[in-house]
Each structure stands twice: as C-alpha cells, then as structure tokens.
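Take a moment to look over the sequence and the fold before reading on. The paragraphs below walk through a few parts of it.

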Amino acid sequence: MSEHIFRIWRGDSSGGDFVDYKTDVDDGMVVLDVLHRIQAKQAGDMAVRWNCKAGKCGSCGMEINGIPKLACMTRMNNYSQRDVITVQPLMTFPVIKDLVCDVSWNYEQNLKISPFKPSPPDSDGRHRMMQEDVDRIQEFRKCIECYLCQDVCHVIRNQGRKDRFVGPRFLIRAASLVLHPLDVEDRIPAVRDELGSGFCNITRCCTDVCPENIGITDNAIIPLKEHVTDRYYDPVAWILRKVTGRIRSGVE
Amino acid sequence: MNTDTATIQTFEHDVVIIGAGGAGLRAAIECSAQGLDTAVVCKSLLGKAHTVMAEGGAAAALGHNDPRDNWKVHFRDTMRGGKFLNHWRMAELHALHSADRIRELEEWGAVFDRNSDGYINQRPFGGHRYSRLAHTGDRTGLEILRTLQDHGVHQGIHVHQECTALTLLKDSDRISGVFGYWRDSGRFVVFKAKAVVISTGGAGKCWRITSNSWEYTGDGMEMAYSSGADLIDMEFTQFHPTGMVWPLSVRGILVTEGVRGEGGILLNSEGDRFMFRYIPDRFREETADSPEESQRWLEGETSARRPPELLTRDVVAKAILEEVDKGRGSPHGGAFLDIAGQRDAELIKRKLPSMYHQFRELAEVDITKEKMEVGPTLHYMMGGIAVDGETQMTSVPGLFACGECTGGMHGANRLGGNSLSDLLVFGWLAGRGVGVYIGALGNSPQVLSDQVEQARRDAVAPLNCDDGENPYLLHEELQYIMNKDCNIVRTGDGLERAIVELHKLKGKARRVQVSGASQYNPAWHEALSLRSMIVVAEAVALSALVRQESRGAHTRLDFDGEHEEWGKLNVVVSRQADGSMGVRKVDRGSPPDHLAAIAYSNLDSLEGGVHV
C-alpha cells in the first residue's frame with residue numbers, strides 16, 4: 001500500500017476547478033479503482049462514467065496527466081508516489097459534471113454513415129468470406145467507442161471542425177464498410193464530403209492513444225484517402241469516366 | 001429537481017424497452033419492424049451494455065464445422081446442461097431459431113470468424129456436443145452489440161440513454177408506462193407506453209466477486225416483481241469457473257471459456273490436471289478419460305471425446321472450489337489455467353486477443369508464456385422473470401421480458417454460448433409478442449398521476465434523509481451476506497442466516513441517506529439500485545432455502561445430489577398482498593412428448609445418419 005495525491009477536476013458546465021485528494025493505493029490497483037475509493041470515502045457525489053472495468057466497453061475515457069486514457073486500464077504502478085496524478089474529463093467535449101462529459105456529438109456522426117448493404121447470399125442462403133479478406137475489417141471492428149481518438153484529434157479539438165469532420169472513430173467505421181467483402185454501397189463520395197476525410201493530415205495522434213491498438217491512420221484513414229484520390233483526382237480515371245460515362249466501384 | 005408531478009417531462013411511445021443490451025436492441029429492432037413507435041431506455045450510453053463482455057460466442061447449430069450438428073442435438077445439450085429443469089418450449093424455440101438469428105446478423109454487417117470454407121467458424125464450448133459457437137475472436141458480444149446498434153440506429157428507434165427506469169406504471173392491471181430519471185441531470189421522466197419490455201440483465205452486483213458491471217443490479221427483476229409478475233428459478237445463480245483472482249481490484253473479471261475451448265487446461269498447485277477426477281456419471285460416456293485422448297480431440301480427431309475442462313460450468317466451478325479447499329489452490333486462491341503449454345503464441349494472440357491484452361495490462365501476465373490464475377465468479381442468473389415461452393409476456397398484461405432477466409430457458413445451469421443466442425431469439429420473439437399484444441389492444445392505458453407522485457416521493461427520499469445510512473457501505477454489507485451464505489455452495493442454516501440479515505439490511509436501506517444534489521450523483525444512483533438488489537438477493541436466498549437438493553448451479557451441502565421429485569418442480573417467488581415476499585413450488589407438468597423423446601434419446605438417433 002502507498003499514498004498518492006489525486007488532483008481531480010470538479011465542476012460542471014458553469015465552471016470548476018481542481019481539487020486534491022490524498023488517498024491510499026493498494027497493489028495492483030488501476031486509476032478507476034482509486035477514483036472509486038475517493039468516491040466511496042471522500043467525495044460521494046463525484047461523477048465518473050464507467051461500466052465494464054475491463055477495457056471492453058470504452059466508458060471510462062478521461063485525461064490522466066494530460067493523456068487520454070481508459071481509467072480502468074491505467075495501472076497505478078505506472079506512477080511514482082512522488083507524482084501528483086491529475087485527472088480531468090475529455091476536453092474536446094462539453095463537460096456535464098466532474099469527469100463526465102457529453103459525447104452525444106459522436107452518436108450524431110455515426111448516423112452520417114449509411115447502413116451496411118450486403119450482396120445477396122449464395123443459393124444455399126449463406127455468405128462466404130475468407131478469413132484473410134476480413135482480417136483487416138475485424139481490426140477496425142475491435143473499436144470500443146471510447147472516443148479517445150476523437151478527443152485527441154486536433155481537427156476536432158483545436159480547429160473546432162465538428163461541423164465538417166466526423167473524426168477517426170467514424171472513419172475507421174466507414175473503412176470497415178468500404179473494405180467489407182459483402183458491402184455493395186459506393187461510399188467514396190460520402191467519405192470525402194459528409195465524413196470529411198480530407199481534414200485529416202495524418203499526425204497519427206489518434207493511433208497513439210487507441211487502447212485497442214487499431215492502426216487507425218495507416219490501416220484505415222490512409223487507404224480511404226487513397227480511394228478518394230483515385231476517384232476524384234486521378235487524371236486517367238477522370239478521362240476514362242468522361243469517355244465511358246461509368247463510375248468505378250468504391251470497392252477494389 | 002422536479003417538485004411537481006404535473007411538470008415532469010413526459011414522452012409517449014407505443015413500446016418502451018428497458019435495457020439496451022443484445023436482448024433489448026433485438027427486441028427494439030423487431031418492434032420497429034412491426035411498425036411500432038419504439039423507444040429504448042438505458043442506464044449507460046448506447047453500445048456500452050454488458051453484452052460487450054460476452055466473449056466466447058453465440059451457440060447455434062449451423063453445422064458448418066460438423067455436419068452431424070442440428071437443432072435437436074443443441075436442444076438435447078441445453079436440456080442436459082440445465083439438468084432437465086429448463087422450460088421445454090423456450091429451450092425448443094431457442095434451438096430452433098438461433099441459427100437464423102445468427103445468419104440475420106451477418107445480413108446486418110456482423111463479421112464472424114470464418115472457417116476454411118469461408119463460412120462462419122464455430123468453436124467448441126462446455127456442454128456443447130459439437131463445435132457450435134459462432135464467434136469473433138474473444139469479443140463476440142461486442143461484435144453482436146455493435147451490429148445491433150449500427151443497424152438499429154437506422155430503424156427509427158428513439159434512444160433515451162443514461163436514463164434509469166425506477167417504477168412500472170399500471171392502469172388497473174395493464175401496463176401504462178415507466179417512471180425514471182436522467183442520470184446526468186437527476187430530473188424525473190415519465191414514458192407513457194402501451195407495452196414495456198424488460199431486458200435489464202441480471203443482478204451480479206449482489207455478490208462481491210462477480211464478472212458483472214455496476215449496471216447489474218436487478219432493476220428489471222425488481223420492477224416486474226413489484227408490479228405483480230412472478231420470478232422463477234431464482235436459486236440458480238451461475239458461477240463461471242474462470243474469473244481473474246489477482247490483482248484484487250480485478251477479482252471476478254471474466255476469463256472466457258474460449259480459453260478452454262481452444263485447448264486450455266486446468267491444473268492445481270501440484271501440477272495435477274484435476275478435472276479428470278470430477279467427471280459426473282451423466283457425462284462420462286462423452287468425456288475423454290485421459291490427457292492423450294484430449295490431445296487427439298484438440299487435433300481434430302472426431303472419434304476422440306471432449307476434454308473434461310469442457311464439462312458444464314457448475315461442474316468445473318465446484319471442482320476448482322474443492323481443489324482450493326483441499327489446499328491445492330494457486331497462490332491467490334484459485335486454479336491454474338494453462339494455454340501456453342497447449343498452443344503456440346501466434347494462435348493464442350489470434351484466437352484470444354482480448355484475454356492476452358487483459359492479462360498483460362491488468363495482471364502483468366503473458367498468457368502465451370505463463371499460466372493464468374482463475375477462480376469462480378458470479379456470472380449469470382438462470383432465474384428471473386417468468387414469461388410465456390411463445391410471446392415473452394409476463395403475467396402482467398403488456399409487460400414483456402427477454403434475455404438474462406427472464407427465467408426458465410436455461411433451467412438449473414446455462415451452457416456457455418447459449419446466452420448470446422438466447423438474447424437474439426427471445427429479443428426477436430418479445431418484439432413479435434408486443435406487436436400482437438398492441439394490435440389487439442382496445443383503448444390505450446392511462447398514466448395515473450398518483451402513481452407517478454408516489455414513485456417520485458420514493459425516489460427523492462434518500463436526498464431528504466438526515467443522519468441515515470451510507471449506501472456504499474450497505475452495498476458492501478449486502479455483498480458480504482451473499483458471498484458468505486448464498487454463494488456457490490449453500491446450507492439451510494446459512495441461507496436462514498442470510499434471510500435474517502437481508503431483512504435487517506432492508507430496514508437500514510429504508511433510512512439510506514445521500515448528500516449533494518440529484519445531478520449526476522453516484523451515491524443517489526447507488527441508493528436507488530440498492531432497493532432492487534435487496535429484493536433480488538432475498539428472492540435468491542428464499543428460493544435456495546426451499547429447494548432441498550443439489551442440481552446444476554444450486555448446491556446444498558445438506559442435500560446431496562439431484563432428487564427426482566425436485567425435477568418436477570420450479571420454485572416461484574411473488575409479491576404478496578401485504579408486501580412481503582412469498583415463495584411457492586410449482587408443478588412443471590409433463591414435458592411435450594416430442595421434446596421428451598429428443599431430450600432423452602441417444603446421439604446416434606439425432607445425428608440423422610450423418611457420419612464423418
């Protein structure tokens with residue numbers, strides 16, 4: 001057991017400040033355990049959003065010493081006893097209370113992605129896909145929607161482009177459909193226009209904070225950008241389209 | 001804070017579904033498909049429900065990996081696993097429809113792992129005769145929930161998230177709506193509805209060591225009980241044999257049965273593979289009797305029998321408990337689970353990525369090199385709200401239930417993988433049931449203001465109490481009582497003691513006090529959910545005391561083994577006129593002939609002459 005100081009943001013949409021809590025920490029604890037201990041013993045009304053406590057639901061995202069993390073997967077032995085541990089809500093979204101913020105904007109972005117549209121099944125009523133063809137989209141579908149990538153993305157956080165850019169989480173969701181072997185919807189125009197793929201300038205901050213280690217930038221966003229480039233900015237394809245009047249499929 | 005009932009925010013829908021896990025979302029999609037104005041009310045954000053914690057897979061007799069499989073074998077396995085106490089018709093409907101429900105998810109975008117033919121791959125699991133679990137690595141629940149969510153948001157379903165339902169409203173005997181509050185603002189809300197579907201999951205938070213999250217406080221069971229529905233089979237609480245045991249802060253978190261499905265073995269501190277010593281007679285014929293035979297099974301030899309680690313959960317959990325009791329446990333009081341010695345590192349990382357991640361991050365154990373330490377954890381409740389098997393309606397007109405919060409389908413013990421398929425099948429059936437009910441409904445039931453006012457007064461009581469009890473400490477007390485006297489093995493004396501203690505706790509809970517305002521106040525949330533947990537805990541203890549035998553997940557040290565007469569009875573709990581909890585035995589009647597024939601038949605006759 002050791003003693004630590006937690007500096008926690010307390011407040012609501014009208015304002016707030018950091019409050020220090022001195023607390024005991026047991027072996028093997030994660031930051032979320034400590035927050036619960038503070039809640040039970042010192043601050044019964046401190047708001048914390050959490051759920052599975054095993055890194056599978058993505059509810060407990062917060063900024064710990066300035067870095068977006070899941071509180072349930074951040075072990076206390078990462079920190080020395082001398083460190084003050086600063087905890088604040090995800091700063092990209094409006095705060096509701098204490099460590100809880102309003103992430104409803106993300107749910108609105110999801111609606112911009114049109115539903116999965118599968119090709120018809122084989123005559124036996126089943127779909128065939130080979131594992132190697134779904135490995136990549138299964139990587140994207142590991143996403144637990146913790147929104148840490150959305151929080152850290154400077155297009156949303158600093159440039160305030162919530163109006164034009166859906167953020168990394170929803171680009172990987174779009175990529176999981178574009179690369180889905182059964183999906184027949186042409187999604188490339190939407191990727192460029194409604195989802196705003198051009199706003200990403202590949203700083204890879206999202207990839208760095210992803211608790212599921214999804215290759216957000218390299219495996220999803222860059223391939224999507226390439227699709228857009230091929231469609232709209234490839235001169236050969238442009239001439240070909242003019243001549244034949246055909247639009248190439250988004251799925252290659 | 002609302003002070004006046006007349007000013008409470010009110011929504012009106014045809015149907016309100018409480019809970020947004022797999023069962024709730026599947027029910028919502030079906031209600032919407034029936035043309036109903038459909039709303040979902042959920043305590044967490046959409047997409048965070050406990051379904052995401054389901055790891056291993058969804059059981060369905062697709063027959064992709066073994067053509068001998070079919071719904072009848074699945075049904076037979078389910079009945080045997082449930083020790084023949086399952087609701088016959090529910091078990092039949094489940095086995096009949098789960099394959100279609102899985103295929104339907106693929107139409108909605110789910111990406112299950114593939115076998116070498118390109119079809120949905122199926123994984124072996126405890127109690128299932130053949131490889132039967134459609135899965136996506138070890139995060140199948142997330143795959144299913146996300147698929148339902150992403151499909152559902154385009155079906156015109158209203159989602160009221162971070163909203164807790166507290167009380168069901170009735171117009172004479174019929175359901176007329178739900179009273180609840182927004183967790184962020186603390187403001188009250190009324191949902192007027194012609195029908196309500198409860199899909200709130202279990203109540204694992206009554207126990208100290210559980211794989212369940214904070215949401216699992218039995219709200220739906222309590223609401224249904226309080227409005228007149230029966231609770232059935234409450235004594236059957238499933239302890240999953242493999243939860244994490246260390247570090248203490250993660251004690252109870254699930255280690256998927258998929259580890260054993262992929263070849264993981266259980267060892268005691270002496271290095272003995274002890275499960276060979278715990279094979280029940282009923283399963284002896286179908287279980288390997290040596291490590292050599294288990295190895296051949298793992299290598300895919302169809303004539304080899306399944307390893308004993310894949311016996312049903314009740315058997316494995318009790319075996320681990322006994323090894324620990326005999327002084328042969330691991331350093332932190334569990335058993336060793338070893339996959340490193342059975343499979344190469346690449347396969348482990350590919351098939352069990354989230355287990356690899358979970359142990360590396362939370363316990364600093366590399367499961368591709370080291371053994372895990374595991375022990376039993378309260379995981380699932382077989383018992384719950386009694387429903388009609390066809391329609392999922394309770395005895396209260398307009399009140400439906402589906403998923404873990406219901407009882408009957410799994411009998412005395414649930415097979416792994418039968419929960420994800422359960423919530424798909426019965427969520428779908430509940431939606432259809434609601435459609436039929438509303439279609440036949442004459443005038444709309446009304447919300448009565450005196451009920452709303454009473455519910456509001458009950459809800460604010462903890463905020464107005466001076467010098468009362470701390471809800472967090474009362475919750476700890478509840479968990480202590482349940483872990484001590486209503487746990488994996490039980491005695492009459494212990495259960496009687498638990499019931500007395502629970503009565504005392506109920507008294508204290510009436511005087512619970514919280515400080516601060518109602519805006520996002522976790523102490524208030526805790527105080528309100530405590531009421532539900534105590535009702536569920538009392539129902540479990542009373543039912544466990546009545547059932548004087550050991551069957552499936554219910555083990556009485558003072559009543560050894562299954563008793564034939566108890567196989568004919570269900571234990572049912574209901575609220576009495578004076579507000580007390582009544583418990584009674586209900587005769588199960590005789591099973592339908594065609595189902596009894598399947599359940600008791602030998603395997604050869606069910607496999608349709610298919611040979612591999």
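In chain A of this predicted model, take the contacts between residues at least 6 apart in sequence: 62% of them join residues at least 24 apart. The chain's secondary structure comes to ten helices and seven strands. Along the principal axes, the C-alpha atoms of chain A fill a box of roughly 70 × 45 × 25 Å. Of its 252 residues, 54% count as buried.

Take A:C143, which is in no disulfide: the nearest cysteine sulfur belongs to A:C149 and sits 6.3 Å away. Is A:C143 buried or exposed? With a relative accessible area of 11%, A:C143 is buried. Over in chain B, B:C465 has 18% relative accessibility and counts as buried too, because the cut-off is under 20%.

Staying with chain B, have a look at two of its helices, α2 (residues 71-81) and α3 (residues 88-107). They pack with their axes 9 Å apart, at an angle of about 140°, which means α2(B) is oblique to α3(B). The crossing of α2(B) and α3(B) is right-handed. Which residues make the contact? From α2(B) come B:W71, B:H74, B:F75, B:T78 and B:M79, while α3(B) brings B:W88, B:A91, B:E92, B:H94, B:A95, B:L96 and B:S98. Sorted by class, this contact of α2(B) with α3(B) has seven nonpolar residues, four polar ones and one charged.

Technical notes: Residues are numbered from 1 along each chain as its sequence is written. Chains are lettered from A and ligands numbered from 1 in the order in which they are written. This is a predicted model: local features need pLDDT of at least 70, side-chain atom pairs count only at pLDDT 80 or more; totals for chains, interfaces and linings use all residues. Side-chain values use heavy atoms; hydrogens and water are left out. Axes are lines fitted to C-alpha atoms, for helices over the stretch in contact, and angles run from 0 to 180 degrees between N-to-C directions. Helices (H or I, at least four residues) and strands (E, at least two) are DSSP runs, numbered from the N terminus. Angles under 35 degrees count as roughly parallel, over 145 as roughly antiparallel, 65 to 115 as roughly perpendicular and the rest as oblique. A crossing is left-handed if the near helix is turned anticlockwise from the far one by less than a right angle, and right-handed if clockwise. Contact means heavy atoms within 4.5 Å. Ala, Val, Leu, Ile, Met, Phe, Trp, Tyr, Cys and Pro count as nonpolar, Asp, Glu, Lys and Arg as charged, and the others, Gly among them, as polar. A disulfide is a pair of cysteine sulfur atoms within 2.5 Å. Buried means under 20% relative accessible area, exposed over 50%, partly exposed in between (1.4 Å probe, protein chains only).
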